[in-house]
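Colleague: I am new to this structure and would like to go through it with you. Could you put it on the screen?

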Amino acid sequence: MSKAISEYSHDHVILLLSTHDFENLPPWLSDNFNVIEGGTHAGGSSRNKLIIFADGTYIELLNWITEPKEFFDWAPKSPGLIDFALTTPQSAQETHAAVTERLESAGGDGGLGIRFKQPLSGGRKRKDGKQCEWFVTKPLVDNEAPKVPKPIDRYFPAGRLDTPFFCHDVTDRNLRVPYTDPSISTHPCGAKGIMSVDVVVPESSIENYTKLYSSVSGAEAKVHGGFRYLPNTNVSFLLSSPNAAAMEGVKDRIGIEIHAPRDSEDDAWLKERGVGIREVKLYVPAAGQDEFDERPLDSEGIGASLVLIVQPRES
C-alpha cells in the first residue's frame, strides 16, 4: 500500500559530462559546489566526481574514459541528466519484494513493462582503507508491454531509463556518502539537498506513469493543476530524506514530479533525450522570511536543468 509520504528517499542523481567538462568543470558547477574526487569504477571504463549534500543525497558526475565496459544502460546517453536512484530504510531484498508486489498487482506498472532485477552487490575500498559495500537494483524493461510509448525510437532514442533504480548501503551510509562532514557537504550556493527530480513523459501516458511511479516510490500520487487539456498532467510523489534535519524548510515538497511537456523546451527535451529525468531542484534555505526564488545554474544547456529553490526554513 502506498503512503501520502513514502519512507523512500532520493539517493543520488547521475549527471554525465564530456571529458572536457569533467576535467575542466564549467563555472556553473565549480562556482556553486564543493566537488570532490570519486575514482575509477571497477570496470575501468568510467570515473566520477561527487557533489555531496547535507541531506545525505548526492550528484554523481560521470565520465567515460574508454568504450563503456560497465553501466551499459547509460552508454548510449549524451551528456546531461541521465538517471536517478532511490534508497529505503529497508534492505535491498525487502525493497525488491515490496516493489515487485506492487508492480505485479492489477495495473501496478501502468502497462509499461517494468520489473526489477535482483539486487546486485557492489563495493570499494576507500583511500583510508575502509571498505564500503552496497546493493544496486536496476529496472528490467519489457518494450512489448501494451502501454509503452511507441514508436520506441521516438520516445526512447537512447534506450529506456524512464524509472529510477535503487541503491542500498550495507555498510554505514557515511562511508559511501560522507554527508555529515561539513567540509564536504557545504557548498558556495548554499544547497542542502535534492528537493525534487522532475520526469517528463508523453501527455498521453501520464496515467500509466502515475501508476508506475506510485508502485516504485511507495507514495500516493498527488495530482496538481494540469496543462493544456488534461486535468492530471502534473503529478507528484512525496518522499522522505536520508537526513531530514537538513531539509526542514521543504519536508512536504521532497519527491518526484512527473509531467507532460509544458513548453517548447520540454518538447525538445522529449524529442532529443526521450522519456526520463528532466530537471533537478536543489533546496537552498533563504536568508530572510520573505525571500523566495528559483535560479537555474545556467541560462542554457546542461546547467539549466539544475535549479536552486530558495525559500525560508519552516518556523
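Colleague: Is aspartate 266 buried or exposed?

Modeller: Aspartate 266 is buried, at a relative accessible area of 2%. Here buried means under 20% relative accessible area, exposed means over 50%, and partly exposed lies in between, with a 1.4 Å probe and protein chains only. Please note that this is a predicted model, in which local features need pLDDT of at least 70 and side-chain atom pairs count only at pLDDT 80 or more, while totals for chains, interfaces and linings use all residues. Residues are numbered from 1 along each chain as its sequence is written, and side-chain values use heavy atoms, with hydrogens and water left out.

Colleague: With which residue does aspartate 266 form a salt bridge?

Modeller: Its partner is arginine 262, and the closest N and O atoms are 3.5 Å apart. A salt bridge is a side-chain nitrogen of Lys or Arg within 4 Å of a carboxyl oxygen of Asp or Glu. Arginine 262 also meets glutamate 257 in a salt bridge, at 3.8 Å from N to O.

Colleague: And how accessible are arginine 262 and glutamate 257?

Modeller: Arginine 262 is partly exposed, at 34% relative accessibility. Glutamate 257 has a relative accessible area of 16%, so it counts as buried.

Colleague: How many salt bridges are there by this rule?

Modeller: The count comes to 17 salt bridges. One of them pairs arginine 47 with glutamate 23, where the closest N and O atoms are 2.9 Å apart. This pair links distant parts of the chain, 24 residues apart: arginine 47 is in strand S3 (residues 46-52) and glutamate 23 is in helix H1 (residues 19-23). Helices (H or I, at least four residues) and strands (E, at least two) are DSSP runs, numbered from the N terminus. Glutamate 23 itself is partly exposed, with a relative accessible area of 48%.

Colleague: Let us change topic. Into which domains is the chain divided?

Modeller: There is domain 1 (9-176) and domain 2 (193-311), with bounds that come from an automatic or database domain assignment. Taken over C-alpha atoms, the centres of domain 1 and domain 2 are separated by 18 Å. Their contact takes 46 residues from domain 1 and 48 residues from domain 2, where contact means heavy atoms within 4.5 Å.

Colleague: How much area is buried between domain 1 and domain 2?

Modeller: About 3600 Å² is buried between domain 1 and domain 2, and carbon and sulfur atoms give 68% of it. Buried area is the accessible area (1.4 Å probe) that two parts lose on being put together, summed over both. Within domain 1, the residues that lose the most area to domain 2 are His10, Trp28 and Leu81, together 20% of what that side buries.

Colleague: Which elements supply the side of domain 1 that touches domain 2?

Modeller: Those that each supply at least two residues include strand S1 (5-16), strand S5 (80-87) and helix H3 (92-104). S5 gives the most to that side of domain 1, with six residues.

Colleague: Now to valine 197. Where is it found, and what does it contact?

Modeller: Valine 197 is found in strand S11 (residues 193-200). Leaving aside neighbours within four places in sequence, the contacts of valine 197 include His10, Val13, Phe84 and Glu257. Valine 197 is buried, with a relative accessible area of 0%.

Colleague: And lysine 281, is it buried or exposed?

Modeller: Lysine 281 is buried, with a relative accessible area of 12%. Lysine 281 is found in strand S15 (residues 276-285), and among the residues that it touches, not counting those up to four places away in sequence, are Met195, Asp198 and Val307.

Colleague: One last point: which residues does the cis peptide bond join?

Modeller: The cis peptide bond joins lysine 150 and proline 151, with omega about 0°. Proline 151 lies in the loop between strand S9 (139-141) and H4.
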